[in-house]
Every structure is written in C-alpha cells, then in structure tokens.
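Hi,

Here is the structure I promised to pass on. Have a look at it first, and my notes follow below.

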Amino acid sequence: MPASYEQQITLVGDLHARPAGALAVAAGRFASAVSVTASGSTADAKSVLGVMGLGATSGQHITISAAGPDAREAVAALIAILGEATKVGS
Amino acid sequence: MTAQPVSTGTVGIVLVSHSAELAAGAAHLAAQVSGGTVTIIAAGGTDDGELGTSAAKVERGLRLAESGLGVVVLPDLGSAVLTVRAVLEDEDPATNVVMADAPFVEGAVAATVTAAAGGDIKAVAAAAEEARNARKL
C-alpha cells in the first residue's frame, strides 16, 4: 500500500524562482505525488509555476506532503532543499 | 512522469523568438531556475540580426539541443510557428522533436524544469503546455 507523509517547515527565505525551480526539479525525480501547501493554497511540487504561484515568503509555515512508493524520501529531500535553497534567496 | 536514475542526458529545449535578446533572456532565466543541467538553445532573430525568425537558426538549434532523448521547441509568436513547421517538414521523420503550444517564458521555465527532473519528451512538452493554466495573480 502506498504510504503518505507530510512535514512542515518554516521558510528562512522567500520561495522565489530559483528555490522553486530546485524544489520542482527534485520533486520531479520521485514517483510519488508531492504537494506544497502555504497559507491554505496547495500546489503540485513538480510544477515550478505552481510553486512560484504560492508566493510563499520568509517566516511562513509550509507543508510538504507526498503520497506514493517513495513518499518518505520525497518529503525528506524537499524539506532539505527548502532549508538550503531559500537561504540564498532570489 | 516516473522516477528514474539521474542521467547526464535530458530532453533538449529550443526557444524560437522574433528577438535574439528575448530568446537569449528566456534561455538564461530557464537555465537559472532549473539549475543549469539542460541544454537550452536560443534561436532568435533573423540571420542578419533583425527582428524575425530564421530557419537556419532553428535547424542549428535542433541539432545542438539533441542529446538522444528528443527536443521540445517553443515558438513565441505566429510566424515563428511557421518557421518551425517548415524546418520540421524537411527533417528526417525519425527526428524526435515536438513543438509545444505554450506561453513563451512560462513554458520555457516549466519545460526546462521538467527536463531537468528527468522527464521524457512527452512530459516536457506537457509541462510547457500546462503553463497556460498557471495563474500569476
């Protein structure tokens, strides 16, 4: 049975184009469906335009959710990327 | 799109614009957002550097962008579509090229990110075409 996982993180920088791109590239490598939720809006984490469209900013709590065979790995990878990628901004 | 091992090759992207600067700028932006692992070729302007499109530049772009997994081409405005179609008619039928009907900048970024993630040519073209549904506001 496919597993689902989610984890929350507080952004340390704005989710601008480059961090959104890094997130979507990483999400696209997983078989699981992965989503990002910020302030009640949810986007497909594999869609860079969807992730950018969230307009998530520093200090916001965002949730990464995944469902599928590699859900746990996907959530862990994206949380790590968000922690790193948003530090450098833009 | 299914998960697959990270390989050195990805689907290539060719951006066909009436403006050399616009094609180059969109290519730069898409490369920055996607992490720089995808071959993106800017084919903008006419052969003598004016506003317009060039079959020779498109043909060269297709060759440079092909790494064995196919190429997705994004045209900006109407007659860029005609130029790409004319080039594709002369290509070997085995050539693996898809022209995407997509907004230019958003499509370039979405296609390149999907290519960087290891998406196949269908997934990359679909990502570009889905860009028209992404709301900015």
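How many helices and strands does the secondary structure of chain A come to? There are three helices and four strands in chain A, where helices (H or I, at least four residues) and strands (E, at least two) are DSSP runs, numbered from the N terminus.

Before going on, a word on conventions. Residues are numbered from 1 along each chain as its sequence is written, while chains are lettered from A and ligands numbered from 1 in the order in which they are written. This is a predicted model, and local features need pLDDT of at least 70, side-chain atom pairs count only at pLDDT 80 or more, and totals for chains, interfaces and linings use all residues.

Back to chain A. Its elements run β-α-β-β-α-β-α from the N terminus on. The radius of gyration of chain A, taken over C-alpha atoms, is 12 Å, close to the 12 Å from the globule rule (2.2 Å times the number of residues to the power 0.38) for 90 residues, so chain A is as compact as a globular protein of that length. Its C-alpha atoms fill a box of roughly 40 × 20 × 20 Å along the principal axes. Of the 90 residues in chain A, 42% are buried, meaning that 20 or more other C-beta atoms, placed from the backbone, lie within 10 Å of the residue's own.

Now chain B. It has an open sheet of four strands in the order S2-S1-S3-S4, with parallel pairing; two strands pair if DSSP finds at least two bridges between them. The edge strands are S2 (40-44) and S4 (97-99) of chain B, each pairing on one side only. Five bridges join S1(B) (residues 12-17) to S2(B), and Leu15(B) stands opposite Ala42(B) in S2(B). Helix H5(B) (residues 121-130) lies across S3 and S4 of chain B, at about 20° to S3(B). For such angles, axes are lines fitted to C-alpha atoms, for helices over the stretch in contact, and angles run from 0 to 180 degrees between N-to-C directions.

Finally, the two chains touch. The contact takes 20 residues from chain B and 15 residues from chain A, with two residues in contact if their C-beta atoms, placed from the backbone, lie within 7 Å. On the side of chain B that touches chain A, H1 (20-34) and H4 (104-116) of chain B are the elements giving two or more residues. The largest share of that side, six residues, comes from H4(B).

Cheers

Definitions and conventions. Buried ≥ 20, exposed ≤ 12 C-beta atoms within 10 Å, placed from the backbone.
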